[in-house]
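Hi,

Here is the structure I promised to pass on.

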Amino acid sequence: MTGGGSEKRRGSDAAGRAETGRGGEEALDAAEGRGAEAVGRAEAGRGGEKGHGVKQGHGVEQGHDSPRPAHEVDGVGLGRRPEDEVEDEIAFHLAARVDELVESGLDRDQALLQAETEFGDADDARRALVATTTRRRQKSRRTRVLADVAQDARVALRGIRTRPGWFAVAALSLAVGIGAVSTMWTALDRLMLRPLPYDPAGELVFVGTRSAGVGSASTPQAPADFLDLRASARTIALAAYQGGGVNVGGDPPQWMSTRAVTANFFDVAGVRPAYGRGFSPEDTEVGSPAVTILDHDVWTAGYGADPGVVGTNIQLNGVPTTVVGVMPEGFSFGFDSPDLWLPLRIEDPAARAGWSLNVVGRRHQNIATVRQELDLLAAGLAERYPATNAERTFPVAGLVDVMFGGPSFDQGMTGSMIAALMVLLIACANVANMLLARGSERATEIALRRAIGASRGRVLRQLLTEAVILAFVGGALGAAASIAGIRGLRHLVPAGMPRSDELFVDGRTLAAGMLAALLSVLLFGLIPALRTIAHGDRGLAHGGRSASARRSGRGRTLLVATEIALSVVLVTISGAVLASIRAIEDVDTGFVTENVWTFSFTLPEDRFPALEEAAPALDVVVAGLEALPELSRVGLGVGLPGQGWISLPAYLPEEPTENPPRVVTRLADPGYLEVLGLEPTRGRALTASDDGNAPAVILINESFAGRLWPERDPVGQMLHLDSRAVEVVGVLPNVREWGPRFAPRSMVYAPLAQWPRRTISVVARSAGPAPPTSAIHDVVGRLDGNVAVRNLQTFDSVLLQSAEMFESMFRLMAVMATAALLLAVVGVYASMSFTVARRSPEIGVRMALGADRRTVRTMIARGALTVAAAGLAAGLPLAWAASQGMSVFLFGSAGSSPQAYAAVAALILTVSVAAAWVPARRASAVDPMTVLRGE
């Protein structure tokens with residue numbers, strides 16, 4: 001006993017000195033281990049004799065007949081604080097030592113005093129043991145939790161393997177919803193919400209012109225207006241630019257897009273060239289040496305990223321031009337990134353009639369304050385220049401708003417995002433419905449678990465583990481779907497759409513998709529899990545079927561009806577949009593476009609300083625092109641429908657000349673109108689004799705004729721066009737220049753020879769399916785060795801570009817609607833399959849009593865029709881309201897036709913019955929005696 005006591009003392013002393021003597025956690029563990037080992041040997045030596053009481057003041061219990069405190073099982077305290085456990089441990093060891101000393105002959109007080117002396121500093125031992133006990137309990141708890149999680153995962157995976165079809169459908173439903181939302185959120189974030197890299201604070205705006213109700217923030221300003229505003233504005237710094245293009249000398253020559261900017265443009269935009277310098281005020285003076293700044297991509301591809309190109313000369317339109325800088329990589333301002341930057345040289349700073357300068361600004365105050373100041377400045381200009389500025393204002397809009405077409409694009413993106421959210425809701429309803437069905441199937445299993453002692457929390461954790469696995473699989477599939485969706489979206493958006501190159505899924509979006517999947521499943525899976533547990537307690541008593549099962553069935557029916565209602569909304573909107581697109585495609589634009597091709601080129605300034613001198617050279621180009629066997633007729637004009645035009649003031653001789661209305665003017669030669677099939681309905685067409693030496697003449701369209709001379713023949717009438725007196729010699733039919741979506745506008749057609757321009761558009765009718773590309777380049781190259789052909793394309797593609805954004809946005813919505821319909825069909829099928837499975841005994845009894853298979857199938861189909869009818873009753877009014885809200889986007893009567901709603905209703909009812917027919921057919925084919933025997 002003495003030996004055992006000394007070992008125990010050494011162990012206790014070691015425990016007491018562990019923290020201060022060695023100062024590490026390893027020492028604490030070793031001390032406790034040696035102490036416990038010594039105590040075990042001492043207790044074994046005693047043979048399990050009962051200890052006697054010790055002094056009560058020390059909290060030592062009496063009558064121990066166990067080698068370990070009774071509150072500890074397997075070294076882990078059950079619900080007690082470590083401090084209390086340690087106190088009991090110390091009391092136990094002191095009591096054991098006191099018993100040994102009393103047996104050796106000491107009285108109890110002396111034994112207690114000696115035991116405390118041998119034990120040493122109790123506070124140090126207490127701290128050491130509390131720390132060790134806490135660590136041991138935490139480690140044991142972590143081990144137990146990990147073991148439980150592993151067990152839950154194994155059970156969940158085993159359950160999934162027994163129902164792979166159920167799991168696959170649920171995961172795919174979730175993936176479709178997550179993929180749709182992730183795709184649309186990425187598009188919304190990348191295109192519209194994310195700040196521009198050069199405008200993180202959203203301070204850049206467009207400042208346009210509005211006169212007599214015409215114009216917007218993107219409408220160019222007159223040079224004199226811009227200069228006055230820039231000099232006077234204090235809440236905003238203004239800069240201007242003009243788009244264009246030049247021929248770049250080389251072999252072969254190239255055409256490059258340009259942007260001519262004011263000297264302060266880069267300061268306003270908040271960017272500086274990566275190499276060289278920006279433009280100085282001297283560079284923008286008329287007659288100063290020609291300079292340019294290269295775009296970074298042009299510098300890399302064409303000049304090998306050589307910084308030494310700064311200071312060298314290149315040929316632009318035949319003029320030697322010095323490269324003074326290179327823009328930083330990735331910089332793209334506004335709608336596109338030009339190949340070259342040029343200094344903007346305002347030829348007539350006093351001009352207030354021509355709107356030619358695009359104006360941007362960096363505001364120093366909020367946009368409301370900026371608008372107030374610009375309104376005051378506009379009022380001042382109206383007083384000073386009433387002839388031109390009487391009704392002129394300067395609207396302001398954010399850069400992104402103008403880049404993406406304003407409210408129409410915003411509403412289209414918002415509508416697509418709402419559609420994606422509806423798809424996600426349908427997917428979540430599917431998952432909730434399937435989890436409810438799965439829980440009802442497991443009611444008996446849950447009841448057995450509860451009967452043998454499993455707690456509700458333990459069962460809930462098991463059910464949620466299965467849901468979490470579903471969430472991770474569905475989220476991973478949703479991430480893959482979002483990546484595929486963005487790739488598809490990049491093909492849907494129009495070519496050259498601003499920021500379209502930024503459409504890609506980043507890690508943040510994928511993580512958000514995974515989180516959304518987890519939250520969706522937990523949110524829509526928690527209620528079914530709680531319901532399963534609550535009803536599972538009564539599962540054994542009711543043989544797995546009870547009133548709760550009927551309530552669960554009603555819950556699933558409500559979810560399916562909700563899915564159908566949301567699907568009705570999306571399918572109706574999608575059908576209206578697709579009907580609009582078909583109607584647009586069927587609209588006659590007024591042009592003859594079959595086998596018509598178009599391209600453009602720019603006349604070089606060095607060869608044709610005076611544009612009037614270019615007419616003979618252009619005639620040679622037309623003759624050379626028409627001599628090609630592949631081309632039958634060629635015409636020249638300025639701009640193409642929906643892409644380029646001239647807006648000129650037009651008024652009758654008797655009307656006042658102050659601030660006259662403007663009209664879209666198309667400059668063309670006789671061949672241009674002939675190739676496009678535009679023949680006069682009254683008067684004559686343009687002829688080759690309508691040249692610069694002949695009296696000025698024009699053609700007008702029916703819309704303009706009805707506006708000016710509603711009761712007179714317009715042929716022979718005089719009109720002032722940009723202060724030039726012109727005679728109307730013919731009337732052309734209305735055409736949809738801005739695409740089939742938009743109604744015809746008033747238009748004037750003037751002879752190109754009388755209104756010469758440097759950039760020419762060519763339309764040519766081809767005898768075959770493709771134009772002779774190389775021959776066209778050769779013919780145009782005869783003008784000058786530096787002239788390049790650009791944008792060779794079909795005329796149809798030009799017309800469709802105006803509706804391309806509309807069509808791409810709503811084809812995307814049609815995809816969403818299709819996904820919603822498929823998910824709803826899956827929901828109906830899953831619900832009907834489960835309902836049939838639950839009603840198998842009832843079906844068996846009915847068939848045993850004489851019901852035939854057709855009766856059973858009809859009964860189940862009737863149930864599906866009831867659910868579909870409930871969804872239609874809720875969805876059709878919502879669909880009508882949504883269609884009315886989207887009427888601004890729809891063409892014609894799409895979205896308001898009763899036949900459209902009837903078609904949607906028939907489609908939903910058909911797919912609902914079809915979804916229920918498969919499980920109904922399967923159930924009716926089962927032998928009724930087999931079903932009853934299984935029961």
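One of the two helix pairs I looked at has α18 passing α21 in a right-handed crossing (right-handed if the near helix is turned clockwise from the far one by less than a right angle, left-handed if anticlockwise). Before the rest, some housekeeping: this is a predicted model, where local features need pLDDT of at least 70 and side-chain atom pairs count only at pLDDT 80 or more, while totals for chains, interfaces and linings use all residues. Residues are numbered from 1 along each chain as its sequence is written, and side-chain values use heavy atoms, with hydrogens and water left out.

Back to that pair. Helix α18 covers residues 615-626 and α21 covers residues 773-781; their axes are 9 Å apart, at an angle of about 155 degrees. Axes here are lines fitted to C-alpha atoms, for helices over the stretch in contact, and angles run from 0 to 180 degrees between N-to-C directions. The two are therefore roughly antiparallel (over 145 degrees; under 35 is roughly parallel, 65 to 115 roughly perpendicular, the rest oblique). On the α18 side V621, G624 and L625 meet I776, V779 and V780 of α21, where contact means heavy atoms within 4.5 Å. These contact residues are five nonpolar, one polar and no charged (Ala, Val, Leu, Ile, Met, Phe, Trp, Tyr, Cys and Pro count as nonpolar, Asp, Glu, Lys and Arg as charged, the others, Gly among them, as polar).

The other pair is α3 (residues 82-103) with α4 (residues 108-119), packed at about 130 degrees with axes 8 Å apart. That angle makes α3 oblique to α4. The contact between them divides into nine nonpolar residues, one polar and five charged.

Then there is W185, which sits in helix α6 (residues 164-193). Beyond its neighbours within four places in sequence, W185 touches L193 and M417. M417 is 232 residues away along the chain, yet the two C-alpha atoms are separated by 6.9 Å.

Of the 935 residues, 49% are buried.

Cheers

Definitions and conventions
Helix = DSSP H or I, 4+ residues; strand = E, 2+ residues; numbered from the N terminus. Buried < 20%, exposed > 50% of the residue type's maximum accessible area, 1.4 Å probe, protein only.
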